[in-house]
Amino acid sequence: MVAELERRYPPAWAEEWDRVGLVVGDPSTPVRRVACVVDVVPETVDEALAAGADMIVAHHPLLLRGVSSVAATSFKGRIVHRLIKADVALHVAHTNADTANPGVSDALAARFGLTGLRPLHPAAPGSPAAGDGRGIGRIGELPTPMTLAELTRHAAAVLPVTAWGVRAAGDPDRTVRTLAVSGGSGDAFLAEATAAGVDAFLTADLRHHPAGEHLAAGGPALLDAAHWATERPWLDDLAAHLRAALGVETIVSDLDTDPWTVHAAAPTVAEKEPRP
Ligand SMILES: [Zn+2]
C-alpha cells in the first residue's frame, strides 16, 4: 500500500518544507479499505472509522511543523491517539500529489473539460520531479469560450458545493478561452499565470493586495474558489487508482472541511430600494 502510494506520488517530488508519507501505522499491516480525504479532522476520522477503513490517505499533512508531543490533550494528539487505538494508518500525499501527472490539478482541470494540459509551474529542471508534464497547476483550453461571468457560474456548478462558492476578479465580460487552475492556495503562481498568457486563473485563498496588483498590471482574470472544493476532485482519481492498482475498497469523503460555513451575497439594487 505504502509502496504503491510512494510509486505514484514519490516523496522526493514534494516541496522541501512539506511533510509527506506515512504518519501513523505499520507498513506491514494489510489494508483492505482506504478512506480518501482532503483534511484529517475529527469529522473525517469519524467517517473513516465508521466505514471500517484500515487506512486514511489525506492530502493535507496532519503534522507539518515540529512536534514534541502527541498527548491526547491537543487537537492533533487526540487524532493520533484515535487512529492508533483503532489501528488505522494515515498516509499523506500533498505537494508530491500536486506535482504528479496525473495529480491534484488534473482532476480539477477535468471538471472544466480542459484540453491540451500543461503545467502552470513546471517542476524545476534537474529536480527529482522534472519532466513528463509534472509540476503544480495546469493550463488548458475550455471546450467553449465563455465570459468571466459565465465561467464563474459554471465553476460554481462543476465544483463540489461549498458555502464559499466562487468569486471572480476582473472584467465580467472578458472572454476566457485558456484557463489556468491550481488546487489549493495558488497565490504564489499569479506571475506565472500572467507569463503564460492565460485568460483566467482559478485557485483558492486569493488576497486583496496580490489580486488587485496582479489585475492592475494587466494579469489574467482571477477566480477564487473554496480551498477544499479545488482539491476534493482529486480524491476520486486517487481512489480509482488504489482500487485498480491494489484491489482495495475505497471511501471518498464528501464532507466539506472548508472552514467557511456561511456566505451572504449583498442584496441587489432592486432589493435595496424601499418598497412603495
Ligand atoms: Zn490544499
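User: Two strands count as paired if DSSP finds at least two bridges between them. In what order do the strands of the open sheet lie?

Analyst: This is a predicted model, in which local features need pLDDT of at least 70 and side-chain atom pairs count only at pLDDT 80 or more, while totals for chains, interfaces and linings use all residues. Residues are numbered from 1 along each chain as its sequence is written. Helices (H or I, at least four residues) and strands (E, at least two) are DSSP runs, numbered from the N terminus. The sheet has five strands with mixed pairing, and their order is β1-β4-β3-β2-β11.

User: Which strands sit at the edges?

Analyst: An edge strand here pairs on one side only. Going from one strand to the next, the twist averages 25°. The two edge strands are β1 (21-24) and β11 (249-252).

User: Which residue of β11 is the bridge partner of Cys36?

Analyst: In general, strands of a sheet pair through backbone hydrogen bonds, either parallel or antiparallel. Here β2 (residues 33-37) and β11 run parallel and are joined by four bridges. Within β11, the partner of Cys36 is Val252.

User: What angle does α9 make with β11?

Analyst: Angles run from 0 to 180 degrees between N-to-C directions, using axes fitted to C-alpha atoms, for helices over the stretch in contact. Helix α9 packs on the sheet and touches β2, β3 (55-58) and β11; contact means C-beta atoms, placed from the backbone, within 7 Å. Its direction makes an angle with that of β11 of about 175°.

User: Which residues have the most contacts inside the largest nonpolar core?

Analyst: A nonpolar core is a set of buried Ala, Val, Leu, Ile, Met, Phe, Trp, Tyr and Cys residues joined through C-beta atoms within 7 Å. The largest one has 74 residues, and α9 gives the largest share, six residues. Domain 1 (2-96 + 231-252) and domain 2 (101-229) both contribute, so the core lies between them; these bounds come from an automatic or database domain assignment. The residues with the most contacts inside this core are Ile56 and Ala200.

User: Is Asp98 buried or exposed?

Analyst: The UniProt annotation "binding site", from an unreviewed entry, covers Asp98 together with His59, His60, His227 and Glu231; such annotations may be inferred rather than shown by experiment, with positions in the numbering used here and feature names shortened. These residues span 173 residues in sequence, yet no two of their C-alpha atoms are more than 13.5 Å apart, so they gather at one spot. A residue is buried with 20 or more other C-beta atoms (placed from the backbone) within 10 Å of its own, exposed with 12 or fewer, and partly exposed in between. Because Asp98 has 27 such neighbours, it counts as buried.

User: Where does His227 lie?

Analyst: His227 has 24 C-beta neighbours inside 10 Å and therefore counts as buried. Leaving aside neighbours within four places in sequence, its contacts include Gly184, Asp205 and Asp258. His227 lies in helix α9 (residues 227-246).

User: What is the phi of Asp205?

Analyst: Most residues other than glycine have a negative phi, and most peptide bonds are trans. Asp205 sits in the loop between β9 (200-204) and α8 (208-216), and is partly exposed because it has 13 C-beta neighbours inside 10 Å. Although it is not a glycine, Asp205 has a positive phi of about 65°.

User: What is omega for the peptide bond from Asn101 to Pro102?

Analyst: Pro102 is placed in the loop between α4 (95-99) and α5 (104-111). The bond from Asn101 to Pro102 is cis, with omega near 5°.

Note on methods: Contact = placed C-beta atoms within 7 Å.
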